[in-house]
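User: Hello! I'd like to go through this structure with you, one question at a time. Shall we start with the strands and then turn to single residues?

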Amino acid sequence: MTSLEVLAPCPGRVMAMTDVPDPVFAEEMVGPGVAIDPDAGPTTVVAPIAGTVLKVLPHAFVVLGEGVGVLVHLGINTVRLEGEGFEVLATQGSEVAAGDPMITWDPSTLPSTAAGLDVSPVVPVVLMDAEKGSVASDVLGEQVAAGDLLFATP
């Protein structure tokens, strides 16, 4: 299998998956990857790879390309918002190119923890069904723009 480049779906600071404030992601139960602490303000989240949109929800999507699925999850516990604040631009089953618009949202409008929802704007970018610890990124701790290289598949 050739290496697949996974691009940043949104602008922000790249962080290690182990720093994600959710044990399911932090312990790589879904798969390895990195996360992005997104910039505040309205953002168009883009496809990290080219392929088929396997699943699209207001707060998350999966693109399958070259036999590899990449999950982008917009925030932690954002499923509790029931789609509020997200606009889905992509269609399930459609083909997308890396960098195609998928969802728009504004991470700075998430309710505070005072609302009792315990949400976080952190965006995990997960290589699904890959071996734990198999993703390494050269841009940890750095600021990226949407479309910048996050990591390549092992």
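Analyst: Happy to. Please keep in mind that this is a predicted model.

User: Which residue in E11 is the bridge partner of Ile-36?

Analyst: Let's begin with the two strands concerned. Strand E3 (residues 33-38) and strand E11 (residues 123-127) run antiparallel and are joined by four bridges. Within this pairing, the bridge partner of Ile-36 in E11 is Val-123.

User: Which are the edge strands of the open sheet?

Analyst: The sheet has eight strands with antiparallel pairing, in the order E9-E5-E6-E7-E11-E3-E2-E12. An edge strand here pairs on one side only, and that applies to strand E9 (95-96) and strand E12 (143-144).

User: Is Val-6 buried or exposed?

Analyst: Val-6 sits in strand E1 (residues 5-7). Beyond its neighbours within four places in sequence, Val-6 is in contact with several residues, including Pro-48, Val-70, Val-125 and Phe-151. Its relative accessible area is 0%, and the cut-off for buried is under 20%. Val-6 is therefore buried.

User: How are the rings of Phe-86 and Trp-105 arranged?

Analyst: Phe-86 lies in the loop between strand E7 (68-73) and strand E8 (87-88) and Trp-105 in strand E10 (residues 101-105), so the pair ties together parts that are 19 residues apart in sequence. Both Phe-86 and Trp-105 are buried. The ring centres are 5.6 Å apart and the planes are at 10°, so the pair is stacked.

User: How far is the backbone oxygen of Gly-41 from a polar atom of the side chain of Thr-43?

Analyst: Thr-43 belongs to strand E4 (residues 43-46) and is buried, with a relative accessible area of 10%. As for the backbone oxygen of Gly-41, its distance from a polar atom of the Thr-43 side chain is 3.0 Å.

User: And His-59: what is its relative accessibility?

Analyst: His-59 is in the loop between strand E5 (51-57) and strand E6 (60-65). Apart from neighbours within four places in sequence, the residues in contact with His-59 include Val-72, His-73, Leu-74 and Phe-86. His-59 counts as buried, with a relative accessibility of 11%.

User: How many Å apart in space are Val-6 and Leu-74?

Analyst: In sequence, Val-6 and Leu-74 are 68 residues apart. Taken from C-alpha to C-alpha, their separation in space is 16 Å.

Terms used
Residues numbered from 1 in each chain as written. Predicted model: local features only at pLDDT ≥ 70, side-chain atom pairs only at ≥ 80, totals over all residues. Heavy atoms only, no water. Buried < 20%, exposed > 50% of the residue type's maximum accessible area, 1.4 Å probe, protein only. Contact = heavy atoms within 4.5 Å. Phe/Tyr/Trp six-rings, centres within 6.5 Å; stacked < 30°, edge-to-face > 60°. Polar contact = N/O pair within 3.5 Å; in protein donor to acceptor, adjacent residues only side chain to side chain. Pairing = 2+ DSSP bridges.
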